[in-house]
Amino acid sequence: MMPLKERLLEHCRNHIKTKEHSLQKTSNSLNESLNTETKSSAGDKHETGRAMVQLEQEKLARQMLELEQMKKTLQKAESIPSSTTAKLGSLVKTNVQHFFLAISAGVFQESRETVFCISVGSPIGQMLLGKEKKHSFRFNNKEYLILEIS
């Protein structure tokens, strides 16, 4: 069986692939809509339809840029060696929850293991950065004690 950290990285890679697939489907759908709008009759309705599709394409382009940034962040997390200090790529186990500092990829759950995959830019990610084993901090009215960092 793969080490936990490797399974967490795989979970994050799959999250990115799923998101990428979804964005590609949306892109194809928008291109199809734009082609349909182009073929329909001219007039205000036509212009409004094209404008709406173009707005959605701009939104999609921003989401694709964000996804590229997530990929780069995950690649960095993969290449950073383990440390005793919480940083990008760290698996931080606390008395309350376990966190993987990489990208925001939801919850990884496997048998008795539950780990929240979070971005270092998230509020809790910011609280964890730079902390070491036995450090504690308060977040959302809960006291967290760091038990282990790998």
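In the predicted model, Y144 has a relative accessibility of 4% and, falling under the 20% cut-off, therefore counts as buried. F137, at 5% relative accessibility, is likewise classed as buried. The rings of these two residues have their centres 5.0 Å apart and their planes at 5 degrees, so that F137 and Y144 form a stacked pair. Three aromatic pairs are found in total; another of them joins F99 to Y144 in a tilted arrangement, with 6.2 Å from centre to centre and 50 degrees between the planes. Because F99 belongs to strand β2 whereas Y144 belongs to strand β6 (residues 142–149), this pair ties together parts that are 45 residues apart in sequence. F99, F116, F137 and Y144 make up one aromatic cluster.

Strand β2, which contributes F99 to this cluster, is largely enclosed by the rest of the structure, because five of its five residues are buried. In regular strands, side chains alternate between the two faces of the sheet. In β2, H98, F100 and A102 point one way, while F99 and L101 point the other way. On one side of the pairing pattern, β2 is joined to strand β1 (residues 91–94) in the antiparallel sense through three bridges, and the two strands form a hairpin with three residues between them; within this pairing, H98 is the bridge partner of K93. β2 also runs parallel to β4, to which five bridges join it, and here H98 stands opposite V115.

The largest core comprises 23 residues, of which L8, C12, L74, F100, I103 and C117 touch the most other members. At least two residues of this core are supplied by each of α1 (4–39), α2 (44–79), β2 (98–102) and β4 (113–119), and the largest share, eight residues, comes from α1. Leaving aside residues up to four places away in sequence, F100 touches K5, L8, L9 and C12, together with G89, S90 and L91 and with V115, F116, C117 and I118. A second, separate core of 12 residues includes F99 and L101 as well as F137 and Y144.

How values were computed:
Residues are numbered from 1 along each chain as its sequence is written. This is a predicted model: local features need pLDDT of at least 70, side-chain atom pairs count only at pLDDT 80 or more; totals for chains, interfaces and linings use all residues. Side-chain values use heavy atoms; hydrogens and water are left out. A nonpolar core is a set of buried Ala, Val, Leu, Ile, Met, Phe, Trp, Tyr and Cys residues joined through side-chain atoms within 4.5 Å. Buried means under 20% relative accessible area, exposed over 50%, partly exposed in between (1.4 Å probe, protein chains only). Helices (H or I, at least four residues) and strands (E, at least two) are DSSP runs, numbered from the N terminus. Contact means heavy atoms within 4.5 Å. Two strands pair if DSSP finds at least two bridges between them. Rings of Phe, Tyr and Trp (its six-membered ring) pair if their centres lie within 6.5 Å; planes under 30 degrees apart count as stacked, over 60 as edge-to-face and the rest as tilted.
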